[in-house]
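Colleague: I would like to go through this structure one feature at a time. Please give me the general idea first, then the case at hand.

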Amino acid sequence: MKKKIGRNDLCWCGSGKKYKKCHLYRINEKIINKNELFSMYKKMPPRMCCSPKTWHVNCTKIILSHTVSEKSLKHIACNGHV
């Protein structure tokens with residue numbers, strides 16, 4: 001049985017914030033379709049790292065490849081799948 005996360009518990013995403021200040025109201029956010037996301041991505045400055053600041057521990061420089069560290073994948077995985 002899955003334990004229900006409380007409002008004052010730490011958020012499941014690992015941000016260190018309380019659930020109520022992080023992902024509690026995410027269900028109310030607008031869903032962005034693939035075209036909108038691509039359009040937003042194209043407007044970003046070149047060579048800008050898109051990963052959360054908390055993942056930048058081992059960053060050295062941004063390169064032109066699309067690799068994602070295993071450490072980063074575990075944060076976005078759902079039941080072990082990305």
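Colleague: How many disulfides does a search of the whole structure find?

Modeller: A disulfide is a covalent bond between the sulfur atoms of two cysteines. The working criterion is a pair of cysteine sulfur atoms within 2.5 Å. In this structure the search finds zero disulfides. This is a predicted model, in which local features need pLDDT of at least 70 and side-chain atom pairs count only at pLDDT 80 or more, while totals for chains, interfaces and linings use all residues. Residues are numbered from 1 along each chain as its sequence is written, and side-chain values use heavy atoms, with hydrogens and water left out.

Colleague: How far should I trust the coordinates?

Modeller: Where pLDDT is low, the predicted coordinates should not be read in detail. pLDDT is the predictor's confidence in each residue, from 0 to 100. The protein chain averages 75, and 62% of the residues score at least 70. Confidence is highest in helix H1 (residues 19-22), at 89, and lowest in helix H3 (residues 70-76), at a mean of 71.

Colleague: What does the secondary structure of the protein chain come to?

Modeller: Helices (H or I, at least four residues) and strands (E, at least two) are DSSP runs, numbered from the N terminus. The protein chain has three helices and zero strands. Of its 82 residues, 6% are buried.

Colleague: Is His-23 buried or exposed?

Modeller: His-23 counts as buried, at 14% relative accessibility. His-23 is in the loop between H1 and H2. Contact means heavy atoms within 4.5 Å. Apart from neighbours within four places in sequence, His-23 is in contact with Cys-11, Trp-12 and Cys-13.

Colleague: Which residue forms a salt bridge with Lys-30?

Modeller: Side chains of opposite charge can pair when their charged atoms come close. The cut-off is a side-chain nitrogen of Lys or Arg within 4 Å of a carboxyl oxygen of Asp or Glu. The structure holds one salt bridge. Lys-30 pairs with Glu-36, and the closest N and O atoms are 2.8 Å apart. Lys-30 is exposed, at 61% relative accessible area, whereas Glu-36 is partly exposed, at 28%.

Colleague: Which residues make the nonpolar surface patch?

Modeller: Patches are made of residues with over 30% relative accessible area and no salt bridge; like charges are joined within 9 Å, nonpolar side chains (Val, Leu, Ile, Met, Phe, Trp, Tyr) within 5 Å. Here Ile-32, Leu-37 and Met-40 make a patch of about 280 Å². Met-40 lies in helix H2 (residues 34-43) and is partly exposed, at 45% relative accessibility.

Notes. Buried means under 20% relative accessible area, exposed over 50%, partly exposed in between (1.4 Å probe, protein chains only). Accessible areas come from the Shrake-Rupley method with a 1.4 Å probe; for residues, only the protein chains shown count as cover.
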